[in-house]
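I opened the notebook to go through the contacts between chains and the packing inside. The entries follow in the order of looking.

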Amino acid sequence: MIRVENIEKCFGDNNEIHVLKGIDEVIEKGERVVIIGPSGSGKSTFLRCLNLMEQPTKGKVFFEGKEITDPKVNINEVRQKIGMVFQHFNLFPHLTVLQNITLAPVKLKRMTKEEAEREALRLLEMVGLADRSDAYPSQLSGGQKQRIAIVRALCMKPDVMLFDEPTSALDPEMVGEVLDVMKNLADDGMTMVVVTHEMGFAREVANRILFMDDGKITEQGTPDEIFGNPKNERTKEFLSKVL
Amino acid sequence: MEWLNKWFDRLYRTFIVDDRYKTLISGLEKTLIITLGALLIGVIIGTIIAIIKVFAADNKKLRPLDVLCNIYLTVIRGTPVVVQLLISFFIIFVWAKDGTWVATVTFGINSGAYVAEVIRSGIMAIDAGQMEAGRSLGLSKIQTMKEIILPQAFKNVLPAIGNEMIALLKETSVAGYVAVTDLTKAANQIKNTTYDSINPILLTAIVYLAIVMLLTKLLSIMERRLRKSDKS
């Protein structure tokens with residue numbers, strides 16, 4: 001579903017900050033890939049390259065067989081199929097919950113207003129927030145905001161969902177409600193790529209874990225392999241600190 | 001009470017005789033038309049310039065447009081508005097008989113330069129995550145700007161736009177330079193006809209002041225309403 005070929009990413013005016021140092025990876029349909037690793041290892045940058053929120057400095061990204069790093073590709077159309085959830089929710093504060101969710105599907109003519117609202121309410125029901133459809137984001141807790149952000153992405157009926165540290169900005173007691181929504185999503189067969197520090201979630205939900213360090217994927221495997229028997233020294237060191 | 005009677009008599013002769021107050025009313029009308037028209041033009045120009053400047057910051061193809069915008073901003077902010085009025089009326093729109101629309105357009109173009117900076121700073125104040133969220137859903141840069149960034153930016157800069165309107169209202173008092181009988185010019189005409197140099201001018205000042213106070217009040221009400229959906 002997603003394939004990246006030797007992508008590199010540099011930041012800075014003269015590309016002096018080398019964040020991704022050559023990554024090749026394939027993510028299949030239905031996979032639940034969790035990316036872990038120390039801060040600054042390039043996890044988020046890698047995730048953001050998958051929908052070109054960051055343009056890779058080198059290398060190619062393919063989505064459903066099409067090279068999306070090709071400048072001729074309409075990236076907006078591609079992104080309609082790739083949902084993304086951010087650390088800081090990024091809900092639109094001037095719109096109600098319902099408007100937040102229905103804005104994109106309606107403006108992009110994927111659904112009529114009525115269809116979008118019906119779908120939004122169905123999804124809100126699913127995450128237990130149907131009664132907050134008329135609230136503004138400022139009236140919601142962090143956990144509620146993130147569940148709304150997930151619904152907003154889902155309402156576009158994406159083929160894959162990217163999660164960029166979705167629980168890192170939450171109070172500890174609200175982490176669970178967001179992870180529960182993500183677990184349900186995984187159970188429904190959604191293809192997911194998740195950057196997280198929630199090792200319990202990774203172990204339970206992932207079918208593959210990527211460990212990133214210094215701009216590269218240095219180890220990968222099933223949760224049992226990574227957590228039970230890590231091979232790489234750096235992975236061992238990281239896991240001993242976080243577990 | 002002798003002086004009071006005298007003063008009322010004076011007011012009567014200055015404003016009522018020959019329906020001279022009607023000149024003032026039509027002058028006030030012109031002042032308001034020019035102010036509102038110019039504000040509208042200014043906000044439209046200012047928004048366009050602000051968007052070009054924001055987009056040009058990370059899109060090299062827009063650099064030529066950005067340069068044009070900078071020339072506009074420099075020229076407009078570097079010359080007095082009276083001179084701009086004179087240029088409009090006597091050099092550019094030489095065929096114009098009625099100065100009102102010339103003044104409206106000129107004040108609008110002038111105001112646009114100031115509004116542009118206000119709106120640009122309003123756009124820059126919006127968290128980058130808002131643009132990212134819009135783009136991640138598949139909205140284009142322009143759609144995200146229109147649906148998500150601008151509504152929030154406008155709300156943030158509304159007080160500044162209100163101040164621009166207040167400044168504009170007062171600035172239009174020089175419209176008399178180009179054959180517009182605005183409020184100030186009307187007062188001046190009455191002064192010249194009646195040799196009463198005190199009352200017409202003072203009344204004009206009071207009218208400007210009253211409008212400004214009214215605008216200030218309306219603005220604070222509007223701000224309070226908009227705050228409803230603000231971040232806590």
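How many residue pairs are in polar contact across the interface of chain A and chain B? I found 7 by the rule, with both residues at pLDDT 80 or more; a polar contact is a pair of N or O atoms within 3.5 Å, where within protein one must be able to donate a hydrogen and the other to accept it, and residues adjacent in sequence count only if both atoms are side-chain atoms.

I note that this is a predicted model, in which local features need pLDDT of at least 70, side-chain atom pairs count only at pLDDT 80 or more, and totals for chains, interfaces and linings use all residues. Residues are numbered from 1 along each chain as written, chains are lettered from A and ligands numbered from 1 in the order written, and side-chain values use heavy atoms, without hydrogens and water.

I looked up salt bridges (a side-chain nitrogen of Lys or Arg within 4 Å of a carboxyl oxygen of Asp or Glu) and got 2 between chain A and chain B. Arg48(A) forms one with Glu132(B), with the closest N and O atoms 2.7 Å apart.

I then took contacts (heavy atoms within 4.5 Å): 24 residues of chain A meet 21 of chain B.

Last, I checked Met145(B). Setting aside neighbours within four places in sequence, I find Met145(B) in contact with Ile51(B), Val54(B), Phe55(B), Ile123(B), Met131(B), Leu150(B) and Pro151(B).
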